[in-house]
Amino acid sequence: MFETTATVTSGSGSGPVIAESATARGRRARLALRGLQVLLALFYAFASALPKLIAHPSAAEGFNEMGWGSAGMYSIGALELAGAVALLIPVLSSVAAVSLGALMVGAFITQITVFGGENAATPVILILPLALIAWARRRDAAELPRLIFRVRRS
């Protein structure tokens, strides 16, 4: 969005050194963040939501063991798929990351209480990149109320 250059003082004290253009560095950071969003969206859509939405036996067994049955399985699968899609929409990506992070907190608690912590590391590991996306895309989310109210007025 904003293009700036940065001046960095060298460690030797010989004066200011013009650092690599902040725009090139910023572009690489935005590209890496976007790549992370795509990777997580693919994970949530195909590895997490899809087995639930097609009632794969492994997913159905787990939800039956929890006592949530197929309704819980389809609901969580739909939420994960919606989050995966929203991760790819810039104005929604921060909200999606926070929402998927909340699902991961619930998944962690469920893994600990119902399944004895067998796969508890997975949701914890996923929370970290989700938190990074939520923080990095927070300014995009600030436009969301403006867009909602503009649509409502139309």
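1. Helix H4 covers residues 90-113; helices here are DSSP runs of H or I with at least four residues, numbered from the N terminus. The model is a predicted one, in which local features need pLDDT of at least 70 and side-chain atom pairs count only at pLDDT 80 or more, while totals for chains, interfaces and linings use all residues. Residues are numbered from 1 along each chain as its sequence is written, and side-chain values use heavy atoms, with hydrogens and water left out.

2. Several residues of H4 are buried, among them Val91, Ala97, Leu100 and Met104. Buried denotes a relative accessible area under 20%, exposed over 50% and partly exposed in between, using a 1.4 Å probe and protein chains only.

3. Ser93 also lies in helix H4, and its relative accessibility of 0% makes it buried. Leaving aside residues up to four places away in sequence, Ser93 touches Gln37, Ala86, Leu87, Ile133 and Arg137, where contact means heavy atoms within 4.5 Å. Ser93 and Leu130 are 37 residues apart along the chain, with their C-alpha atoms separated by 9.5 Å.

4. How many salt bridges does the structure hold? There are two, a salt bridge being a side-chain nitrogen of Lys or Arg within 4 Å of a carboxyl oxygen of Asp or Glu. Lys52 pairs with Glu80, their closest N and O atoms lying 3.1 Å apart. This pair links distant parts of the chain, 28 residues apart: Lys52 belongs to helix H1 (residues 22-53) and Glu80 to helix H3 (residues 69-87). Lys52 is buried at 12% relative accessible area, and Glu80 is buried at 4%.

5. Asp140 forms a salt bridge with Arg137, with 3.8 Å between the closest N and O atoms. Both Asp140 and Arg137 are buried.

6. The axes of helix H2 (residues 57-66) and H3 come within 8 Å and cross at roughly 120 degrees. Axes are lines fitted to C-alpha atoms, for helices over the stretch in contact, with angles from 0 to 180 degrees between N-to-C directions. H2 and H3 are therefore oblique to each other; angles under 35 degrees count as roughly parallel, over 145 as roughly antiparallel, 65 to 115 as roughly perpendicular and the rest as oblique. On the H2 side the contact includes Ala59 and Phe63, and on the H3 side Gly72 and Ile76.

Technical notes. Helices (H or I, at least four residues) and strands (E, at least two) are DSSP runs, numbered from the N terminus. The expected span of a helix is 1.5 Å times one less than its number of residues.
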